[in-house]
Amino acid sequence: MFKRGVSFNIYLTVGKKRRMMMGNKEQTFQKIIEVAYVMFAEKGFEKTSLALIAAEVGISKPAIYYYFQSKDQLITYLFDELYKVIQQDVAVDYKELSRVNFKEKLLELGYKSIEAQGKDPYFNKIFNQYILLAARDESYKKQLVELETSFLTSFVEVLQYGVRLGVLEDTPNIEAKAQMLALVYDNIGNFMLTGNQLNYRAIWKEAVHSVIQGGGDGKKS
């Protein structure tokens with residue numbers, strides 16, 4: 001279904017393993033990405049310089065320019081990688097959905113997201129940096145709007161598929177229900193970012209149940 005849980009932290013972990021098979025230049029490049037991801041998330045773009053990143057990586061400031069000509073270029077590269085990860089999150093495999101497991105799969109979507117965000121405390125932090133950047137940069141704003149639109153559309157399409165399966169009634173407010181689910185899904189991550197200790201699984205479960213009242217529940221959740 002939605003390929004949620006493919007967090008950027010997992011992407012970096014794979015990168016660390018891959019570094020063992022790389023040459024020195026490729027290893028250094030991957031290390032720069034890993035360090036920048038964490039430092040940008042923790043300190044923000046403004047307070048993180050290439051010099052700080054280079055020092056943490058263990059190379060000189062002039063050496064980092066071999067890989068990235070400017071901090072803006074590094075910020076753009078990271079955004080492009082995050083964009084790909086988020087696009088994977090909203091990819092749908094309808095072959096996995098059926099009348100019997102539809103509700104279970106929706107629940108699983110949120111549970112996996114909560115688990116992934118718990119493992120990667122940096123994802124939402126750095127993404128919020130890009131939201132701030134988009135306020136003064138039209139190119140980032142345009143791409144974020146495209147992502148947001150794709151995100152919302154994915155939820156609408158899934159619920160419309162649920163209608164075709166006979167799990168949901170075909171009502172005029174099906175789009176609003178989908179958007180509500182999308183907003184709950186997204187805002188759970190924002191609340192987790194602030195450290196609020198809420199029962200996020202129960203919140204997601206209630207949101208799904210409010211959309212699919214009495215739908216095929218499958219297994220206990």
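**First stop: helix α6**

Select helix α6 (residues 102-119), where Lys112 and Glu108 both lie, four residues apart, about one turn of the helix. Helices here are DSSP runs of H or I with at least four residues, strands are runs of E with at least two, and both are numbered from the N terminus. Before going further, note that this is a predicted model, in which local features need pLDDT of at least 70 and side-chain atom pairs count only at pLDDT 80 or more, while totals for chains, interfaces and linings use all residues. Residues are numbered from 1 along each chain as its sequence is written, and side-chain values use heavy atoms, with hydrogens and water left out.

Show the side chains of Lys112 and Glu108: they form a salt bridge, with the closest N and O atoms 3.3 Å apart. The term salt bridge denotes a side-chain nitrogen of Lys or Arg within 4 Å of a carboxyl oxygen of Asp or Glu. The classes are buried for under 20% relative accessible area, exposed for over 50%, and partly exposed in between, computed with a 1.4 Å probe on protein chains only.

Next, select Lys119 and Glu115, whose side chains meet in a salt bridge at 3.2 Å, N to O. These residues are four apart in helix α6 and therefore separated by about one helical turn. Lys119 is exposed, with a relative accessible area of 58%, whereas Glu115 is partly exposed at 46%. Salt bridges that share partners join Glu96, Lys105, Glu108 and Lys112 into one network.

Glu96 is partly exposed at 35% relative accessibility, while Lys105 is buried at 16%. The count of salt bridges comes to seven.

**Second stop: helices α7 and α9**

Two packed helices are described by the angle between their axes and the distance between the axes. Select helix α7 (residues 123-134) and helix α9 (residues 174-194): their axes come within 9 Å and cross at roughly 105 degrees. That makes α7 roughly perpendicular to α9, a class that covers angles of 65 to 115 degrees. Each axis is a line fitted to C-alpha atoms over the stretch in contact, and angles run from 0 to 180 degrees between N-to-C directions.

Display Asn124, Lys125 and Asn128 in α7, which meet Gly189, Asn190 and Leu193 in α9. Contact here means heavy atoms within 4.5 Å. The residues of this contact divide into one nonpolar, four polar and one charged.

Select helix α2 (residues 24-43) and compare its span with expectation: at 1.5 Å a residue, its 20 residues should span 28 Å, and the end C-alpha atoms are 28 Å apart, which agrees. The expected span is 1.5 Å times one less than the number of residues. Among the buried residues of α2 are Ile32, Ile33, Val35, Tyr37, Met39 and Phe40. Moving past the helix, select Gly44, which follows α2 and has a positive phi, near 90 degrees.

**Last stop: the whole protein**

The protein has ten helices and zero strands. Buried residues make up 41% of its 221 residues. Among contacts between residues at least 6 apart in sequence, 74% join residues at least 24 apart.

How values were computed. Parallel < 35°, antiparallel > 145°, perpendicular 65-115°, else oblique. Nonpolar A, V, L, I, M, F, W, Y, C, P; charged D, E, K, R; others polar.
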